Amino acid sequence: MGFLLRIIVIVLIIYLFYKAVRYLTDPKRKLDEAYEKGQYYFYDDVKNVRKNFFISYKGALFEGEKYLGTTEDAFEVVSIFVWVHDPMKLHGMTKDDFKFLEKEILMNYPKAKINWKNPIEKLMKEEE
């Protein structure tokens with residue numbers, strides 16, 4: 001009986017350790033934490049085109065929708081629409097901030113054309 005109880009306690013400890021490690025390494029939790037602290041974090045499943053990506057940057061949360069298309073020799077993400085969840089969080093951001101975000105997105109999707117939704121679109125069009 002004592003041996004069985006020890007085995008159960010050991011299995012329980014291993015299970016709790018496993019759950020704690022999974023919690024600490026969860027990318028969604030890291031995104032939420034970065035958003036709360038106003039830090040940069042890029043959350044994406046590059047292998048799954050159907051899933052949108054999220055970017056936390058300077059207290060704003062951006063979401064990007066990926067569209068698959070054909071390039072010269074493969075199927076790749078060719079178009080991305082990016083918008084902010086709360087436009088009020090854009091206060092104080094400049095074109096340089098959005099150019100930085102574009103560069104970060106293009107690191108994962110080099111063939112993609114990035115389209116911003118309003119109000120960011122207006123700011124980026126003024127540049128041209």
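Modeller: Exposed means over 50% relative accessible area, buried under 20%, and partly exposed in between (1.4 Å probe, protein chains only). This is a predicted model: local features need pLDDT of at least 70 and side-chain atom pairs pLDDT 80 or more, while totals for chains, interfaces and linings use all residues. Residues are numbered from 1 along each chain as its sequence is written, and side-chain values use heavy atoms, without hydrogens and water.

Colleague: Which residues of helix 3 are buried?

Modeller: First the general idea. An α-helix has 3.6 residues a turn, so residues three or four places apart point the same way. Now this case: D97, F98, L101, E104 and I105 are the buried ones in helix 3. They cover an arc of only 115° around the axis, so they lie on the same side of helix 3. The arc is taken from the directions from the helix axis to the C-beta atoms.

Colleague: What covers the buried residues of helix 3?

Modeller: Look for contacts (heavy atoms within 4.5 Å). The cover includes strand 2 (53-57), strand 3 (60-70), strand 4 (75-84) and helix 4 (120-125). Helices (H or I, at least four residues) and strands (E, at least two) are DSSP runs, numbered from the N terminus.

Colleague: How many aromatic pairs are found in the whole structure?

Modeller: Ten. Rings of Phe, Tyr and Trp (its six-membered ring) pair if their centres lie within 6.5 Å; planes under 30 degrees apart are stacked, over 60 edge-to-face, the rest tilted. Take Y40 and F100: the centres are 5.4 Å apart and the planes at 70°, so this pair is edge-to-face. Y40 lies in the loop between helix 2 (27-37) and strand 1, and F100 in helix 3, so the pair ties together parts 60 residues apart in sequence. Y40 is partly exposed at 30%, and F100 is partly exposed at 29%. F42 and F53 are stacked instead, with 5.2 Å centre to centre and 20° between the planes. F42 is in strand 1 and F53 in strand 2, so this pair joins parts eleven residues apart. F53 is buried, at 0% relative accessibility.

Colleague: Which residue has its charged end over the ring of Y23?

Modeller: R29, at 5.1 Å from the ring centre. The test is NZ of Lys or CZ of Arg within 6 Å of the ring centre and within 35 degrees of the ring normal. K117 lies over the face of W83, at 4.5 Å from the ring centre.

Colleague: Which residues are linked in a network of salt bridges?

Modeller: Side chains of opposite charge can pair when their charged atoms come close. The cut-off is a side-chain nitrogen of Lys or Arg within 4 Å of a carboxyl oxygen of Asp or Glu. Here R29, E33 and K37 form the network. E33 meets R29 at 2.8 Å and K37 at 3.2 Å. E33 and R29 both lie in helix 2, four residues apart, about one turn. R29 is buried at 18%, whereas K37 is exposed at 54%.

Colleague: What does D44 form a salt bridge with?

Modeller: With K66, the closest N and O atoms being 2.9 Å apart. D44 is in the loop between strand 1 and strand 2, and K66 is in strand 3, 22 residues apart. K66 is buried at 6%.
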